[in-house]
Amino acid sequence: MKKRKASANSEPGPRLHRVNQYLEKNFPDFFAEARFHVGNDDYFLYSRFGQYLARSIESDRAPRAKIHRAFTVLNKMARMSARDPAVRRMLVTGPLEHLVDNPKARALARKHLSTVAQSYLESLCE
């Protein structure tokens, strides 16, 4: 029983189920293509999502409403990260890392991310 609990704590997948549902509902094309390429690996899914978001912001390709929904995904992950260090690690080394590398995306992230997510973003900037 203890082994089962320990492995469940180290894998963020089931905990991200609601975030995955929100991502799939609001970004169906991205979600389907990413799942095709990376399978059920949430780390790579959210890393690709960070790349997608940063590219969309830098090239002004996405409507504002879509970008706001993308930041909602990251804010939901930030809320979960308070209870799960694996989700925090996934958020920081995945999507936030891609936003830091792009100036327009970083500036927009500072406006739309929650205070928790902003603190993670700022820690990457240092």
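Let's start with a pair of side chains: aspartate 42 and arginine 35 meet in a salt bridge, with N and O 2.8 Å apart. Keep in mind as you look that this is a predicted model. Side chains of opposite charge can pair when their charged atoms come close. Where does this pair sit, then? Aspartate 42 is buried, because its relative accessible area is 7% and buried means under 20%. Arginine 35 is buried too, with a relative accessible area of 18%.

How many salt bridges does a search of the whole structure find? The count is 3, so let's visit the others, using the definition of a salt bridge as a guide.

Lysine 104 pairs with aspartate 60, and their closest N and O atoms are 3.1 Å apart. Lysine 104 counts as partly exposed at 40% relative accessibility, whereas aspartate 60, at 59%, counts as exposed.

Another salt bridge joins the side chains of arginine 110 and glutamate 122, with 2.8 Å from N to O. Arginine 110 lies in helix α7 and glutamate 122 in helix α8, so this pair ties together parts that are 12 residues apart in sequence. Both partners are partly exposed: arginine 110 has a relative accessibility of 36%, and glutamate 122 has one of 32%.

Glutamate 122 has brought us to helix α8, so let's stay there and look around. This helix covers residues 115-125, and within it Ala117, Tyr120 and Leu121 are buried. Why do these buried residues line one face of the helix? Seen down the axis of α8, they fall within an arc of 100 degrees, so they share one face. Among the elements that cover the buried residues of α8 are α5 (64-81), α6 (85-100) and α7 (103-112).

Finally, find leucine 124, which is also in helix α8. Is leucine 124 buried or partly exposed? With a relative accessible area of 28%, leucine 124 is partly exposed. Leaving aside residues up to four places away in sequence, leucine 124 touches Val92, Leu96, Glu97 and Val100.

Methods. Residues numbered from 1 in each chain as written. Predicted model: local features only at pLDDT ≥ 70, side-chain atom pairs only at ≥ 80, totals over all residues. Heavy atoms only, no water. Buried < 20%, exposed > 50% of the residue type's maximum accessible area, 1.4 Å probe, protein only. Helix = DSSP H or I, 4+ residues; strand = E, 2+ residues; numbered from the N terminus. Arc of directions from axis to C-beta. Contact = heavy atoms within 4.5 Å. Salt bridge = Lys/Arg side-chain N within 4 Å of Asp/Glu carboxyl O.
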